[in-house]
Amino acid sequence: MATERILIIGSNGQIGLELAEALRKNYGSENVICSDVRKIENQLEPFETLDILDQNNLHQIVKKYHITQVYLLAALLSATAEKNPKFAWDLNMNGLFNVLDMAKEGLIKKVYWPSSIAVFGPTTPSVLTPQYTVMEPNTIYGISKQAGERYCEYYHQKYGVDVRSIRYPGLIGWKSAPGGGTTDYAVHIYHEALKQQSYECFLSAKTTLPMMYMEDAIRATLSIMEAPADQVKIRSSYNVAGISFNPEEIADSIRKHIPNFSISYKPDFRQTIADSWPQSINDAEAREHWGWKPNYDLDKMTQVMLENLSSPMEGG
Ligand code: NAD
Ligand code: AKB
């Protein structure tokens with residue numbers, strides 16, 4: 001089998017840090033090139049500083065390392081995007097075009113680009129939202145993800161680009177910090193529970209959203225990328241489900257370990273975003289086509305989050 005040479009764009013974010021670790025295990029550290037607009041402490045190497053909007057630099061890096069696969073993670077997430085909608089559109093769309101166009105020219109063999117449950121909107125059926133349904137997103141983030149999905153499918157059908165995608169729910173992990181989304185509360189709550197046994201939530205008590213433990217998300221990502229091409233029948237993006245819960249329920253789960261934990265609610269602009277998204281996802285197609293199945297439920301995730309965040313190495 002020819003060696004894969006992988007470029008992660010946006011490698012220093014919440015997903016990138018964990019994905020890089022997993023890809024390095026599977027493909028060898030020297031074959032996984034990390035890149036981001038910002039360098040971090042203990043930066044994984046090889047690393048290249050790259051602004052995804054700089055097409056020339058992207059070309060140079062792809063050539064320099066003989067890249068075969070690109071994981072494009074650089075984007076503005078839902079909450080940050082609402083504060084700067086023009087830039088969010090520019091980054092989320094033109095970043096994707098720069099990568100898809102290189103694949104179209106045959107310079108990259110395979111592309112991974114994540115979509116989100118944000119592609120759904122207030123008119124979408126919100127319980128067990130199916131793969132194919134009404135999609136009228138009303139956030140700039142969701143609009144860019146939906147347009148991105150359409151472009152992925154178009155590049156696949158029209159130019160044969162091997163692009164694969166998952167509509168991630170809100171992702172929760174202990175190894176990295178979330179980067180400006182509406183679901184970020186479900187990571188912050190564990191940190192605050194350990195630090196001060198209380199948390200003020202920016203969503204209301206009953207706001208149920210689809211979520212997923214990061215280990216499941218990384219496994220889903222590697223599964224779809226490693227699946228034979230004919231099993232990846234959907235080239236826009238796949239629904240994948242993990243866990244659905246609301247702030248009250250995650251607080252109850254935390255109380256099984258920290259009985260005096262208290263939560264209060266002060267909804268802000270992110271409440272409107274959350275209210276436009278589904279409560280739960282039907283992922284029948286991902287299960288059938290490439291064998292997707294989540295491993296973590298809420299209590300299992302809470303246990304792992306609290307154990308790891310309270311270890312002296314992590315420091316909560
Ligand atoms: P993040 O914000 O944590 O990380 C994004 C990374 O991209 C950051 O390290 C940032 O420095 C980098 N970046 C920003 N602008 C860049 C540019 N111009 N060029 C290169 N790098 C740049 O985001 P994340 O949570 O890791 O999300 C990654 C992808 O997954 C995004 O497309 C996001 O929409 C999608 N997604 C994430 C979640 C989630 O819950 N984390 C859910 C659904 C979809
Ligand atoms: C966000 O809240 O913006 C992300 C997402 C669900 O896409 N976590």
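The shell around ligand 2 in this predicted model is made up of four nonpolar residues, six polar residues and no charged ones. Those surrounding ligand 2 are Leu77, Ser78, Ser116, Ile117, Tyr141, Gly170, Gly181, Thr182, Thr183 and Trp277. Two domains contribute to the shell: domain 1 (6–121 + 128–168 + 214–239) and domain 2 (171–211 + 242–280 + 294–315) each supply at least three residues.

| Residue | Atom type in ligand 2 | Distance |
|---|---|---|
| Serine 78, polar side-chain atom | oxygen | 2.5 Å |
| Tyrosine 141, polar side-chain atom | oxygen | 2.7 Å |
| Threonine 183, side-chain N or O atom | nitrogen | 2.8 Å |

On its own, ligand 2 has 250 Å² of accessible area, and the protein covers 94% of this. The space that ligand 2 takes is the largest pocket.

Rolling a probe the size of a water molecule over the atoms shows where empty space is left. In this structure there is one cavity of 30 Å³ or more. The largest cavity holds about 50 Å³ of space. Its lining consists of Leu72, Leu73, Ala74, Ala75, Leu91, Asn92, Gly95, Leu96, Trp113, Pro114 and Lys145.

How values were computed
Residues numbered from 1 in each chain as written. Chains lettered and ligands numbered in written order. Predicted model: local features only at pLDDT ≥ 70, side-chain atom pairs only at ≥ 80, totals over all residues. Heavy atoms only, no water. Near = heavy atom within 4 Å. Polar contact = N/O pair within 3.5 Å; in protein donor to acceptor, adjacent residues only side chain to side chain. Areas by Shrake-Rupley, 256 points an atom, 1.4 Å probe, with all protein chains shown as cover. 1 Å grid on protein atoms, 1.4 Å probe; cavity = no way out; pocket = protein on both sides within 12 Å on 5 of 7 lines; lining within 4 Å. Sits in = over half its atoms within 2 Å of the grid points. Nonpolar A, V, L, I, M, F, W, Y, C, P; charged D, E, K, R; others polar. Domains from an automatic or database assignment. Points joined across faces, edges and corners; volume = space filled by probe spheres on them.
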